[in-house]
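Dear colleague,

Please find below the structure that I am handing over to you. My notes on it follow.

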Amino acid sequence: MDALITYKDIFLQYLNKARSLVNEKCAGTEPSQLIALTVTATLLVVWLFTFITQLDDIKSRVKKWFFRTVRKLPIIGTVIQKKLNKALDDVVSFLPFLNQGKPYVRTLPAKGLSQPEILQKLKEYSSAGKVRWEDGKVSGAVYSGEDKLTKLLLKVYEEFAWSNPLHPDVFPGVRKMEAEVVRMTCTLFHGGPRSCGAMTSGGTESILMVCKAYRDMAREKGIKYPEILAPVSAHAAFDKAAHYFGMKMVHIPLTENMQVDVKAMKRAISGNTAMLVCSAPQYPHGIIDPIEEVAELAVKYKIPLHVDACLGGFLIVFMEKAGFPLKHQFDFRVKGVTSISADTHKYGYAPKGSSVIMYSEKKYRYYQFFVSTDWQGGIYASPTVAGSRPGGIIAGCWATMIHLGEDGYVEATRKIVSTARFIESELRKVDHIFVFGNPVLSVLSLGSDTFDIFRLGNMLSSAGWNLTTLQYPSGLHISLTLLHTKPGVAEQFLKDIRESVAEIMKDPKAKTTGAGAIYGLAQAIPDRSIITDISHVYLDSLYTTESHNSTDELGNGSPQHH
């Protein structure tokens with residue numbers, strides 16, 4: 001006790017000396033000056049704190065400010081805008097869905113059409129476009145397309161077209177089917193009796209939900225600025241979630257084999273970290289992150305870990321039984337994995353608009369739910385973003401899973417993965433191109449150190465193939481589906497690649513043209529706000545009802561009265 005009194009006396013002595021020094025320095029200063037200095041210093045500290053704690057890092061904000069300022073300069077800004085306008089018009093000219101040559105319906109018909117007339121119109125709409133996904137030349141998009149399954153789904157939707165799980169008392173069967181879809185999926189991912197989840201409209205909503213849940217958990221712990229730590233290869237839906245929910249996205253670099261750098265993730269963990277993310281597999285290159293290693297970090301630092309299996313979830317759980325055992329675990333058997341997302345509408349072969357978000361325990365799902373207790377319309381509670389949801393989609397998902405059964409999924413997995421490994425082995429024999437990383441599922445991505453890979457993309461597009469372009473680094477991506485396992489499809493793909501590469505190598509340094517040139521240019525532009533403007537034009541174009549399109553005409557159009 002005497003020691004504490006001694007320390008107190010010493011502290012007061014130094015405090016008095018400091019106060020005397022400050023008073024001495026301010027002896028000739030007027031009170032108004034002291035007040036002004038205090039207010040200024042306080043505002044400066046507040047501004048500095050706000051500047052440092054913003055969601056975007058300082059480098060990113062300085063970069064944005066610089067390019068925004070340059071674009072406002074009188075001469076330089078005008079030149080940039082002219083070039084941007086030309087680029088926007090070029091983008092519009094390369095959008096195939098705008099060149100259908102068909103008039104748009106802009107107002108309700110004065111008299112409704114008959115059913116035969118409607119069906120005829122629908123045939124016209126379904127036949128629009130040049131891409132025939134049925135031929136197996138499209139990456140992803142349609143994962144089954146099997147005729148018998150299609151007919152089953154039509155009957156299912158006819159039975160449940162008007163149902164809505166928002167009203168479980170009115171449609172108890174739909175509630176039961178949704179609960180069973182979630183439980184079956186949890187079981188596939190080795191969830192225990194306490195595991196749980198919900199159905200969503202797709203992978204993006206599943207990711208939004210889990211980020212919302214972990215954000216609310218973090219805030220309850222006192223974290224004001226929650227951060228998502230995710231590989232740069234993680235789906236853009238995590239960036240979307242960060243944008244929507246006021247979280248900070250911390251991108252973690254990859255190793256040479258395209259997996260997340262676990263050491264870099266460990267260095268990035270801070271007191272603000274709300275969640276860690278791994279992919280199984282990631283979309284760009286089809287690589288599975290080292291989930292077990294990241295899970296060790298999650299356990300050590302007591303941070304939730306989400307595994308995004310939206311793309312390949314309904315392949316990866318059947319790999320072992322299909323004859324392709326994996327070296328590492330990826331699901332709830334891994335201590336530290338607290339949530340998993342898996343899309344039933346991809347390799348689950350269910351109708352579009354269905355996915356499952358799963359949690360290891362209900363305590364995590366609790367934060368996903370939304371409840372409004374004081375609304376005049378009554379207590380409003382919803383498990384996901386939407387209130388009303390299409391019961392027909394839930395029923396279609398349930399019917400697909402029950403119809404295929406484990407044996408159906410195992411056989412589909414065997415076909416797809418066998419085809420993928422055959423194509424990969426053959427591609428690695430083709431000079432001047434390479435396969436990114438060591439993919440083990442259905443995704444293959446190609447690059448080249450010899451020529452612009454987008455030239456290959458252009459040539460494959462001319463041959464009828466519809467692949468996805470990648471950036472940072474440049475590449476071409478294909479997600480193989482059941483349609484690619486049809487006889488001759490894989491062989492034709494390899495033949496077209498070999499012939500295209502041979503043609504390119506006649507002049508490997510030739511200039512890239514067409515859509516490939518646009519992709520290459522977009523990747524090289526340092527001012528990413530320009531790419532944002534171009535993307536907005538693309539999004540505007542999705543809703544245009546104008547027959548002649550320039551960037552000024554992209555909109556829903558004005559109605560023409562009759």
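Cys196 stands opposite Tyr359 in strand 7. The model is predicted: local features need pLDDT of at least 70 and side-chain atom pairs count only at pLDDT 80 or more, while totals for chains, interfaces and linings use all residues. Residues are numbered from 1 along each chain as its sequence is written, and side-chain values use heavy atoms, with hydrogens and water left out.

Strand 1 (residues 196-200) pairs with strand 7 (residues 355-359) in the antiparallel sense over five bridges; pairing requires at least two bridges found by DSSP. Strands are DSSP runs (E, at least two residues) and helices are runs of H or I (at least four), numbered from the N terminus. Five of the five residues of strand 1 are buried, so the strand is largely enclosed by the rest of the structure. Buried means under 20% relative accessible area, with a 1.4 Å probe and protein chains only. Cys196, Ala198 and Thr200 lie on one side of strand 1, and Gly197 and Met199 on the other.

**Ala298**

Ala298 belongs to helix 11 (residues 291-301) and is buried, at 3% relative accessibility. Leaving aside residues up to four places away in sequence, Ala298 touches Leu276, Ile303, Leu305 and Gly336; contact means heavy atoms within 4.5 Å.

**Helices 15 and 16**

Helix 15 (residues 453-462) and helix 16 (residues 489-504) have axes that come within 10 Å. Among the residues making this contact are Arg455 and Leu456 of helix 15 and Asp496 and Ile497 of helix 16.

Yours sincerely

Note on methods
Axes fitted to C-alpha atoms, helices over the stretch in contact; angles between N-to-C directions. Buried < 20%, exposed > 50% of the residue type's maximum accessible area, 1.4 Å probe, protein only.
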